[in-house]
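Visitor: Hi! Could you walk me through this protein while I look at it?
Guide: Happy to, just ask away.

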Amino acid sequence: MGDIVARLQLDGVWKRYPDGTEAVKDLNLDIDDGEFVILVGPSGCGKSTALRMVAGLEEISEGQLVIGDKVVNDLTPKERDIAMVFQSYALYPHMSVADNMGFALKLAKVPKDEIRKRVEEAAEILDLTEYLDRKPRALSGGQRQRVAMGRAIVRSPSAFLMDEPLSNLDAKLRVQMRAEIAQLQDRLGVTTLYVTHDQIEAMTMGDRVAVLKRGELQQAAPPQELYDNPRNLFVAGFIGSPAMNIARGTLTTDNGTSKVQIGDFTLDVPEEACAKYTKVKGDGSREVAVGLRPEHFVPGSRAADGQRISVEVGLVEALGSDVLVHFKTAAPPIVSEDMREAIDDADAFEELQRSADRGGQTFTARLEPKDRPKVGEHIELGFRTEYLHFFDIDSGLALREL
């Protein structure tokens with residue numbers, strides 16, 4: 001297919017509606033030639049609005065959008081040389097797959113031989129060759145989505161924009177299509193901006209993930225960097241499934257030795273954790289937000305003194321490859337707007353508030369199947385405290401960002 005690629009630059013981009021609503025606020029994001037960037041965030045965070053501004057379907061209120069080396073704020077969607085793949089496939093039911101894929105080229109008065117050549121190339125890439133004469137109704141959901149992708153590919157655009165293209169597919173097919181789209185993008189090397197609310201999708205597909213909250217960019221980084229080094233409490237709470245365990249704690253450092261008290265237990269904080277969160281150091285005591293991911297618990301027998309607690313197992317979820325163990329703690333939760341946005345589930349947030357009123361919360365540990373406990377059993381769990389995360393209680397920023 002075509003080898004035109006383009007850098008996308010959003011430079012201080014805002015979207016304000018007439019009623020004063022600010023859907024996107026001062027968005028600065030550079031997407032390199034051939035890069036695959038995912039925009040992710042809770043419902044209503046402005047990710048689709050940002051994508052639509054790039055497409056030219058929404059007017060930019062302030063700032064500049066550059067595609068390649070050209071400011072395109074005032075160009076029509078057609079003039080921007082981008083191709084968009086939507087949540088709905090929007091295929092013409094009376095046309096064959098080949099005609100659906102080549103329709104935009106036909107409108108552009110591309111010669112028939114060239115249309116056929118491009119459609120056949122795209123069909124081969126997408127494993128659709130044997131379906132070119134069929135109508136969309138004879139195809140599965142995954143095949144229809146491939147046709148929608150093919151319609152974008154044949155245009156050889158300088159950039160792809162994708163707005164939740166997999167959300168209409170069932171879970172198994174979504175996993176398969178995630179892999180296919182990632183491989184396709186890598187093969188074509190076309191600059192791609194992809195919007196999803198599914199953070200697992202975001203973490204498994206993109207070169208970089210850009211996290212939005214209430215129209216503002218929180219962090220843009222490779223998926224693993226985002227997971228290992230969240231810039232703030234919102235990113236920490238939003239990225240990861242199951243979510244990071246986050247609680248209010250008191251961090252005390254005396255003669256270079258740090259401990260953190262969380263509810264009714266105290267943990268030693270090793271040098272590895274302090275090295276990662278440079279603002280943790282310094283003698284004295286301070287309130288902090290503390291985070292630990294579920295996979296960083298171990299059976300108590302494998303942890304040192306000062307790094308384990310005794311808990312009663314409340315719920316066990318056996319997932320085959322691992323086991324999720326839920327247990328109540330006296331650890332005070334962080335009940336803030338950041339956490340409300342990160343949880344992105346009104347019922348779950350209300351439960352967190354109720355837990356706060358009772359003076360604790362439920363933690364989740366991810367263990368190996370051989371370590372599976374029984375509900376109601378009292379067990380010891382160890383913390384891999386070198387993986388503790390620390391955030392400022394007021395600003396929510398990681399204690400290396402301040």
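Visitor: Which residues does Glu 35 touch, not counting those up to four places away in sequence?
Guide: Glu 35 touches Asp 30, Gln 185, Val 190, Thr 191, Thr 192, Asp 207 and Arg 208. Contact here means heavy atoms within 4.5 Å. Keep in mind that this is a predicted model, where local features need pLDDT of at least 70, side-chain atom pairs count only at pLDDT 80 or more, and totals for chains, interfaces and linings use all residues. Residues are numbered from 1 along each chain as its sequence is written, and side-chain values use heavy atoms, leaving out hydrogens and water.

Visitor: Where is Glu 35 found?
Guide: Look in the loop between strand 2 (22–31) and strand 3 (36–40). Strands (E, at least two residues) and helices (H or I, at least four) are DSSP runs, numbered from the N terminus.

Visitor: And is Glu 35 buried or exposed?
Guide: Glu 35 counts as buried because its relative accessible area is 11%. The labels are buried under 20%, exposed over 50% and partly exposed in between, using a 1.4 Å probe and protein chains only.

Visitor: New topic: which residues of helix 2 are buried?
Guide: In helix 2 (residues 97–107), those are Val 97, Asn 100, Met 101, Gly 102 and Leu 105. Their cover includes helix 3 (112–125) and helix 4 (141–153).

Visitor: How do helix 2 and helix 4 cross?
Guide: Their axes come within 7 Å and cross at roughly 35 degrees. Each axis is a line fitted to C-alpha atoms over the stretch in contact, and angles run from 0 to 180 degrees between N-to-C directions.

Visitor: Which residues meet there?
Guide: From helix 2, Val 97, Asn 100 and Met 101 meet Val 147, Gly 150 and Arg 151 of helix 4.

Visitor: What follows helix 2?
Guide: Lys 109 does, with a positive phi near 65 degrees.

Visitor: Okay, how about Pro 230: where is that one?
Guide: Pro 230 sits in the loop between helix 7 (223–228) and helix 8 (233–238). Pro 230 is classed as buried because its relative accessible area is 0%.

Visitor: What is Pro 230 in contact with, beyond its neighbours within four places in sequence?
Guide: Its partners are Gln 219, Glu 225, Val 235, Ala 236, Met 244, Tyr 277, His 389, Phe 391, Ala 398 and Arg 400.

Visitor: How many residues apart along the chain are Pro 230 and His 389?
Guide: They are 159 residues apart along the chain, yet their C-alpha atoms are separated by 8.7 Å.
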